[in-house]
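Me: I'd like to learn how to read a fold by eye. Could you walk me through one, feature by feature?

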Amino acid sequence: MPFRLPLLLALLAVAAAPLSGCDSDGTDEAETFTVQLRPLNDSGVSGTATVRVGDDGAFTVALDATGLDATGHPQHIHGSAMAVASCPSAAADANGDGFVDVMEGAPSYGGILLPLDDDISNQTPNAPGFPQGTSISYSASTTFAQVRQLLERDDPNADDPIMTLGAGASVDLGDYAIVVHGTTRTLPGTVGTIPGLPNTATLPVACGTL
Ligand SMILES: [Cu+2]
């Protein structure tokens, strides 16, 4: 999903005004974030997710959602080093076509940091590893050290839609959002997407902030 990086960065810079929310308590302690997933694009999807860092250093994401269309659901932790992620409102529909597409949402929730597929120890999305169907009951684990290693580095491939926080950055889980994508609705051609993927696969259908 190659976001046009300069455009995305410019949009993020606009959205970055209040650079708050940087916890001082570091990333070494156990933390649990509960995420309320709310519908985007009148999807009717609802659910909850938890992102947990255990005392033992385990990093676990669990996500349960209902009301989805019967298709695959790419889902990601989104964010950026430049702004605290939020979920887009209807006002993010820049072209006024009635849908907040994946690109229009990016100034709110940032780029893709971690695909929530069947192996979250890497940033490579595995399409068959994303949840499918009308209800999701998902869980995956790795170590928080691994997540930090992935994100606290310079982006190894600026041409793909997967981003990092940059070398020297520090993962701050409270700054991110979870976005679930994928619909079977018939969408107008004005609904933007990532090159190479149909807009139905990338349409955001639920979002929640950590
Ligand atoms: Cu996403």
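Me: What pattern does the protein chain follow, read along the sequence?

Reply: Helices (H or I, at least four residues) and strands (E, at least two) are DSSP runs, numbered from the N terminus. Here the pattern is α-β-β-β-β-α-β-β-α-β-α-β, with four helices and eight strands in the protein chain. A word on the source: this is a predicted model, where local features need pLDDT of at least 70 and side-chain atom pairs count only at pLDDT 80 or more, while totals for chains, interfaces and linings use all residues. Residues are numbered from 1 along each chain as its sequence is written, and side-chain values use heavy atoms, leaving out hydrogens and water.

Me: In what order do the eight strands sit in the sheet?

Reply: Start from pairing: two strands pair if DSSP finds at least two bridges between them. In this model the eight strands form an open sheet, ordered β5-β4-β7-β8-β1-β2-β3-β6, with antiparallel pairing. β5 (111-115) and β6 (135-143) are the edge strands, each pairing on one side only. Ignoring direction, neighbouring strands are turned by 25° against each other on average; axes are lines fitted to C-alpha atoms, for helices over the stretch in contact, and angles run from 0 to 180 degrees between N-to-C directions.

Me: Which strands does helix α2 touch?

Reply: Contact means heavy atoms within 4.5 Å. Helix α2 (residues 102-109) packs on the sheet and touches β4, β5, β7 and β8, its direction making about 170° with that of β7. Helix α3 (residues 144-151) also packs on the sheet, touching β2 (46-53), β3 (58-66), β5 and β6, and its direction makes about 85° with that of β6.

Me: Which residues of α3 are buried?

Reply: Buried means under 20% relative accessible area, exposed over 50%, and partly exposed in between (1.4 Å probe, protein chains only). In α3 the buried residues are Phe144, Val147, Leu150 and Leu151. They line one face of the helix, because seen down the axis of α3 they fall within an arc of 120° (the arc is that of the directions from the helix axis to the C-beta atoms). Their cover includes β2, β3, β5 and β6. Turned away from that buried side is a face with the exposed residues Ala145 and Gln149.

Me: Back to the sheet. How many of the residues of β7 are buried?

Reply: For a strand, check each face in turn. In β7 (residues 177-181), five of five residues are buried: Ala177, Val179 and His181 on one side, Ile178 and Val180 on the other. β7 pairs with β4 (residues 75-79) in the antiparallel sense over four bridges, and Ala177 is the bridge partner of His78. Five bridges join β7 to β8 (residues 204-209), again antiparallel; there His181 has Pro204 as its bridge partner, and Val180 stands opposite Ala206.

Me: Which residues coordinate the copper ion?

Reply: Look for donors, meaning N, O and S atoms within 2.8 Å of the metal (3.2 Å for Na, K and Ca); water is not among the atoms, so sites may look incomplete. The copper ion is coordinated by His76 (ND1), His78 (NE2) and His181 (NE2), at 2.0 Å. Along the chain the donors follow the spacing H-x1-H-x102-H.
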